[in-house]
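Hi,

Here is the structure I promised to pass on. Have a look first, and my notes follow below.

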Amino acid sequence: MTPLKSYAHTGTVPLGGAVATIAAGGLVATIAGVIYGYAFFWIPFVYLNFLVTLVFAGVIGGTVAIVAKFGKIRNNWFVAGVAILMTLWGLYVYWGSYLLAMAGWGDVGLTAFDPFVVYGFAGFLFENGSWGIGKGGPITGWFLVLFWVAEIGTILVVSLMASMMHASVPFCESCQEWADQEKGVARLDATGDEPAWQQVLGGDLPALAEFSPSRGLAPQFVRLDLARCPRCDTSRFLSIHKVQMTVDKDGNPTEKEEQLITNAMITPEQYAVVETCGMLYREQLAEKIAVDDEPEHDPGNESPMAWEAPPAQGEK
Ligand SMILES: [Zn+2]
């Protein structure tokens with residue numbers, strides 16, 4: 001039995017795809033930069049501004065991700081690099097546009113985008129500021145620089161994250177096609193630390209039968225994701241993640257994921273084993289939903305028996 005081995009991109013960057021990604025990223029960054037600059041000047045609400053900041057970053061990174069996938073770029077370093085450069089360009093346009101919004105088109109016009117003018121504008125803001133929090137007057141000096149660094153840092157991180165949204169989609173080199181992903185094919189009642197996982201990672205997929213489907217809203221489970229080439233039988237992939245749900249003090253659930261393996265290259269036979277596992281999981285889920293729905297579907301039924309019977313099956 002051969003141990004599972006992860007797929008890796010070839011690193012290929014098709015020229016057409018590269019040009020399209022840079023052009024689309026640059027165009028969107030330019031437009032988004034102008035909108036962000038004017039929005040920042042005209043919107044006096046800090047929270048709304050923060051939202052605009054996130055959208056600005058997400059749109060640039062997201063555009064790069066989408067066009068890079070369309071252009072069949074199998075190189076995440078290239079995608080990340082383009083996203084960062086285009087985001088920095090968008091930030092530059094944003095600075096020029098902010099000056100334009102502040103000074104008015106008649107006074108500065110396109111010189112607002114002259115690097116020396118932008119540099120001088122930054123110096124002006126450093127001395128005089130332009131916005132403040134509460135009644136304290138405008139924020140200036142190094143304290144303002146701190147905000148700039150935080151803003152630029154947030155934007156770069158968000159943009160980079162958005163640009164990586166297809167980073168783990170495998171590509172079939174023989175068909176020149178991206179694989180179709182199906183996430184959460186099954187959720188298994190496991191922590192991911194059971195010895196049987198070593199068997200699974202060793203290529204013994206039927207060892208999955210050891211685990212039963214995870215029930216309802218279990219706080220901890222192991223998730224199986226599949227991916228396959230839409231055209232051929234050879235490119236098939238399995239990802240296994242440990243998932244732990246935690247609830248923070250505000251009651252918001254967060255999912256912590258840890259990979260056991262990502263995009264392991266599997267045979268059609270191994271793929272079939274995982275699909276069977278998924279089928280059992282869905283059957284179990286359907287049963288569970290049917291049981292949960294019963295009282296709602298039949299509110300007139302007051303027989304105590306109808307209420308007592310079902311949960312026993314799902315209880316630990
Ligand atoms: Zn294929």
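For the residue classes below, Ala, Val, Leu, Ile, Met, Phe, Trp, Tyr, Cys and Pro count as nonpolar, Asp, Glu, Lys and Arg as charged, and the others, Gly among them, as polar. This is a predicted model, with local features needing pLDDT of at least 70 and side-chain atom pairs counting only at pLDDT 80 or more, while totals for chains, interfaces and linings use all residues. Residues are numbered from 1 along each chain as its sequence is written, and side-chain values use heavy atoms, with hydrogens and water left out.

Let's start with the pockets and cavities. Both come from a 1 Å grid over the protein atoms alone: a cavity is a set of points where a 1.4 Å probe fits but cannot get out, a pocket is an open set with protein on both sides within 12 Å along at least five of seven lines, and lining residues have an atom within 4 Å of a point. Points are joined across faces, edges and corners, and a volume is the space filled by probe spheres set on them.

The largest pocket holds about 650 Å³. It has 23 lining residues, and Phe 40, Val 46, Asn 49, Trp 131 and Glu 151 are the closest to its centre. Helices H1 (15-42), H2, H3, H5 (115-128) and H6 (141-163) each give two or more residues to that lining (helices are DSSP runs of H or I, at least four residues, numbered from the N terminus). H6 gives the most, with 5 residues. By class, this lining has 17 nonpolar, 5 polar and 1 charged residues.

H2 gives the most to its lining, with 3 residues, and the lining counts 6 nonpolar, 4 polar and 1 charged residues. Among the lining residues are His 9, His 166 and Trp 178.

H2 itself covers residues 46-70 and reaches 36 Å from its first C-alpha to its last. Lys 72, which follows H2, has a positive phi, near 55°.

Finally, what holds the zinc ion? Its protein donors are the SG atoms of Cys 172, Cys 175, Cys 229 and Cys 232, at 2.2 to 2.3 Å (donors are N, O and S atoms within 2.8 Å of the metal, or 3.2 Å for Na, K and Ca). Along the chain their spacing is C-x2-C-x53-C-x2-C. The site is tetrahedral, with angles of 106 to 113° (four donors count as tetrahedral if all angles lie between 85 and 135 degrees).

Cheers

Methods: Tetrahedral: all angles 85-135°; square planar, octahedral: opposite > 155°, others 65-115°. Expected span 1.5 Å × (residues − 1).
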